Amino acid sequence: MLTGDNEATARRIARELGIESVIAEVLPGDKASKVRELQQAGKKVAMVGDGVNDAPALAQADLGIAIGAGTDVAIDAAGVVLMRSDVLDVPTALTIGRGTLRKMRQNLAWAVGYNGIALPLASGIFEPLGIVLRPEIAAISMSGSSVLVAVNALLLRRLRLPGAAGPAVGKGSASGELRAQQALKKA
């Protein structure tokens, strides 16, 4: 956890959230250099921020996440912008991103595999072997391939999002922060 808050407050919150590494009392101008130091140590860094002072660190981080109600500078510097001003949306955004990437890879594999088989068949390469695909069948099967890719993409709606079940927890509460930390560990 990297914060401009005082050491005692930062350690108390980190202890509640189960965070072991705490860098506190960081001046706004030093946040980006601290992020860079972590990266040079081989760490992947995600930075969540909302202000002008966070913008350089958001830009430096491997993943910059701006709070939606933050300043325009922070929003422009980040790679991801949360629509609501709720830090509990960070694990949800990570889960959606991973799920989307997984679906993209599945659809790419399906399309490459299908086209690797169907196109040579439709072009008549295997005609000497007696394997021929009539053009109208090839056209229908191509449409079928598109439908399957679209249906697979729609299955993303079944993605299990962190914190979707259970009672709503207010912003800033200790239990809400704990739920966010647990969701981040799962994500």
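**A tyrosine and its helix**

Tyrosine 114 lies in helix α5. The model is a predicted one. In this model tyrosine 114 has a relative accessible area of 16%; the cut-off for a buried residue is under 20%, so tyrosine 114 counts as buried.

What does tyrosine 114 touch, once its neighbours within four places in sequence are left aside? Its contacts are Leu119, Ala138, Ser141, Met142 and Ser145. Serine 141 comes 27 residues away from tyrosine 114 in sequence, and their C-alpha atoms are 9.6 Å apart in space.

The next step is the pair of helices. Helix α6 covers residues 135–154, and its axis comes within 10 Å of the axis of α5, the two crossing at roughly 175°. That angle makes the two helices roughly antiparallel. On the α5 side, the contact is made by Lys103, Gln106, Asn107, Trp110, Tyr114, Asn115, Leu119 and Ala122. On the α6 side, the residues are Ala138, Ser141, Met142, Ser145, Leu148, Val149, Asn152 and Ala153. By kind, the residues of this contact divide into 9 nonpolar, 6 polar and 1 charged.

Another residue of α5 is threonine 92. Threonine 92 is buried too, with a relative accessible area of 16%. Apart from neighbours within four places in sequence, threonine 92 is in contact with Leu161 and Pro162.

Helix α5 spans residues 89–123 and also lies across β1, β2 and β3, running at about 135° to β3. Those strands form an open sheet of 3 strands in the order β1-β2-β3, with parallel pairing. At the edges stand β1 and β3 (80–82), each with a single partner strand, so one side of each has no neighbour in the sheet. From one strand to the next, the twist averages 20°.

The pairings can be taken in turn. Between β1 and β2, which run parallel, there are 4 bridges. Valine 48 has isoleucine 65 of β2 as its bridge partner. Strand β2, residues 63–67, pairs with β3 in the parallel sense over 3 bridges. Alanine 66 stands opposite valine 81 of β3. As for the faces of β1, Met47 and Gly49 are on the covered one, while Ala46 and Val48 are on the uncovered one.

Helix α2 (residues 31–40) has Lys31, Ala32, Val35 and Gln39 as its buried residues. Viewed down the axis of α2, these buried residues fall within an arc of 100°, so they line one face of the helix. Among the elements that cover them are β1 (46–49) and α3 (55–60).

Two backbone details lie around α2. Just after this helix, glycine 42 has a positive phi of about 90°. In the loop between α1 (7–17) and α2 is glutamate 25. Most residues other than glycine have a negative phi. Glutamate 25, which is not a glycine, has a positive phi near 55°.

Methods:
Residues numbered from 1 in each chain as written. Predicted model: local features only at pLDDT ≥ 70, side-chain atom pairs only at ≥ 80, totals over all residues. Heavy atoms only, no water. Buried < 20%, exposed > 50% of the residue type's maximum accessible area, 1.4 Å probe, protein only. Arc of directions from axis to C-beta. Contact = heavy atoms within 4.5 Å. Pairing = 2+ DSSP bridges. Axes fitted to C-alpha atoms, helices over the stretch in contact; angles between N-to-C directions. Parallel < 35°, antiparallel > 145°, perpendicular 65-115°, else oblique. Nonpolar A, V, L, I, M, F, W, Y, C, P; charged D, E, K, R; others polar.
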